[in-house]
Amino acid sequence: MIEIDARLDELSELGLRRRLRLVSGPQGPRVILDGRPVLLLCSNNYLGLADHPRVREAAADAAMRWGVGAGASRLVSGSMTIHRRLEERLAAFESTGAALLFGSGYLANTGVVSALAGSGEVVSSDELNHASIVDGCRLSRAEVFVYRHGDIEHLAWGLQEAGGRGALIVTDGVFSMDGDVAPLAEIVELAHAYDVRVVVDEAHGTGAVGPGGRGAVAEAGLESEVDVVVGTLGKALGSYGAYACCEPRMAQFLLNSARPFIFSTAPPPPAVAGALAALDLLEQEPRRVEKLQQNADVLRAELAREGFEVAGSTTQIVPLIVGDADLAMRICEAAIERGVFAQAIRPPTVPPGTSRLRLAVMSSHRKSELRDAAQALARAALACGFRPGTGMAVAEATVRASAPEDAGRVFDGQASIASAA
Ligand SMILES: Cc1ncc(COP(=O)(O)O)c(C=O)c1O
């Protein structure tokens, strides 16, 4: 039996214990955090839609019209019209023949990955993929080849080694803790060469990158080459829930095989309607995406001016890697004291030795706020004895984290043919 107190003490000693902080009000650019006003620089409400009046109204109206809960899985108590409407809109948005809603991005990834690979097959997964993909790999019971981050040669080696057992390559489009983009064109090329499917998780790409915020796959012009695009409604689209966009037969297959779709209650109507309104706003006001990207450029430039290493990120996610978990926590607290909330991210979310502050820009931030935040973060770092610029660039950090002996242990925890590399 797990010794709860001992485990909590151990986490505290390692600087890895987590606690909840209380935010009053919505996820706006400024919030009251544990009673203190701060700039919110770590929310995935990238386009400021979670608290947009039209999104709120749509959710409130839907609660009155369809009720708050969906009642059951759609396979059990019927598919509500609002679900179908959002699926049609998402399929059109992603230029695919179909879309299937899931309860969350976590459920979508575990469901899609475990449906598309099975015992005796091999899934190739980037070592920095989100935990929900890692868990999907585990649930699939397939062998998992964890390839070094964005390393196409390593991926090709693994596909070769799989000797025809390869089923799937799965990758984040935009990496959630690093803000870099997967080499999707090369991945698709390898998938063709080895006849395996490709799943791309656009959790941080939707609404943030690509034409009109259509994601990293659209940016690379690969809409017809990727078997399943997973996206979440809980980040740029300001709501909750997720989707898998794919061709109709694939959607039929997932509907029959993805366990989180089959065995979990459908997304609540207010969340679905809120996402529909957010999608309208995204399409009607593409300027929001441009503003987000401009703000990301401003933040990176201001951080670089303060001496921080930010070269690895090309998106709205900007990590400040400090290495040590305890140091990352102390800098986070010091930044809060200076009016900026940028959450410290530690193992197991990121590899050991690469703890960081993960900054996330919103289109609703003002440029002056981002400038002030960069200065506050530099002062906070210095106050904790960390000189900006002495951290690692993302690329360097991920190379360090890529040591083969670490790959299976840290990111996967199960037998991995990566250990043979
Ligand atoms: C890359 C990635 N995929 C999936 C998810 C899960 O999405 P959701 O929050 O909708 O469960 C996240 C969220 O944290 C993520 O960062």
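In which sense do β1 and strand β2 (residues 30-33) pair, and over how many bridges? They pair in the antiparallel sense, over two bridges. The points below start with the model itself and then return to this pairing.

1. Basis of the model. This is a predicted model: local features need pLDDT of at least 70, side-chain atom pairs count only at pLDDT 80 or more, and totals for chains, interfaces and linings use all residues. Residues are numbered from 1 along each chain as its sequence is written.

2. Confidence. pLDDT is the predictor's confidence in each residue, from 0 to 100. The protein chain averages 93, and 93% of the residues score at least 70. Over residues 399-421 the pLDDT stays under 50. For that stretch the model has 44 contacts beyond four places in sequence, a contact being two residues whose C-beta atoms, placed from the backbone, lie within 7 Å.

3. Domains. The chain is divided into domain 1 (14-43 + 286-401) and domain 2 (53-284), with bounds that come from an automatic or database domain assignment. Their C-alpha centres lie 26 Å apart. The contact takes 18 residues from domain 1 and 16 residues from domain 2. On the side of domain 1 that touches domain 2, α13 (287-305), β11 (317-323) and α16 (394-401) each supply at least two residues. The residues of that side divide into nine nonpolar, seven polar and two charged. Here Ala, Val, Leu, Ile, Met, Phe, Trp, Tyr, Cys and Pro count as nonpolar, Asp, Glu, Lys and Arg as charged, and the others, Gly among them, as polar.

4. Ligand shell. There are 14 residues around the ligand, and Ser104, Gly105, His130, Ser176 and Ala203 come nearest; a residue is near if its C-beta atom, placed from the backbone, lies within 6 Å. Helix α5 (residues 105-116) gives the most to this shell, with three residues. The shell divides into three nonpolar, nine polar and two charged residues.

5. The sheet with β1. Helices (H or I, at least four residues) and strands (E, at least two) are DSSP runs, numbered from the N terminus. Two strands pair if DSSP finds at least two bridges between them. An open sheet of four strands has the order β1-β2-β3-β12, with mixed pairing. Its edge strands are β1 (23-24) and β12 (340-341), each pairing on one side only. Ser24 stands opposite Ile32 in β2.

6. Helix α1. Arg7 is found in helix α1 (residues 4-13). Arg7 counts as exposed because 11 other C-beta atoms lie within 10 Å; the cut-offs are 12 or fewer for exposed, 20 or more for buried, and partly exposed in between, with C-beta atoms placed from the backbone. Gly15, which follows α1, has a positive phi near 70°. The C-alpha atoms of Arg7 and Arg17, ten residues apart along the chain, are separated by 9.6 Å.

7. Backbone points to check by eye. Asp34, in the loop between β2 and β3 (36-40), has a positive phi near 45°. Asp34 is exposed, with 12 other C-beta atoms within 10 Å. Asp195 has a positive phi of about 55° although it is not a glycine, and is found in the loop between α8 (184-194) and β8 (197-201). Asp195 counts as exposed, with 10 C-beta neighbours inside 10 Å. A cis peptide bond joins Pro347 and Pro348, with omega about 10°; Pro348 is found in the loop between β13 (344-345) and β14 (355-360).
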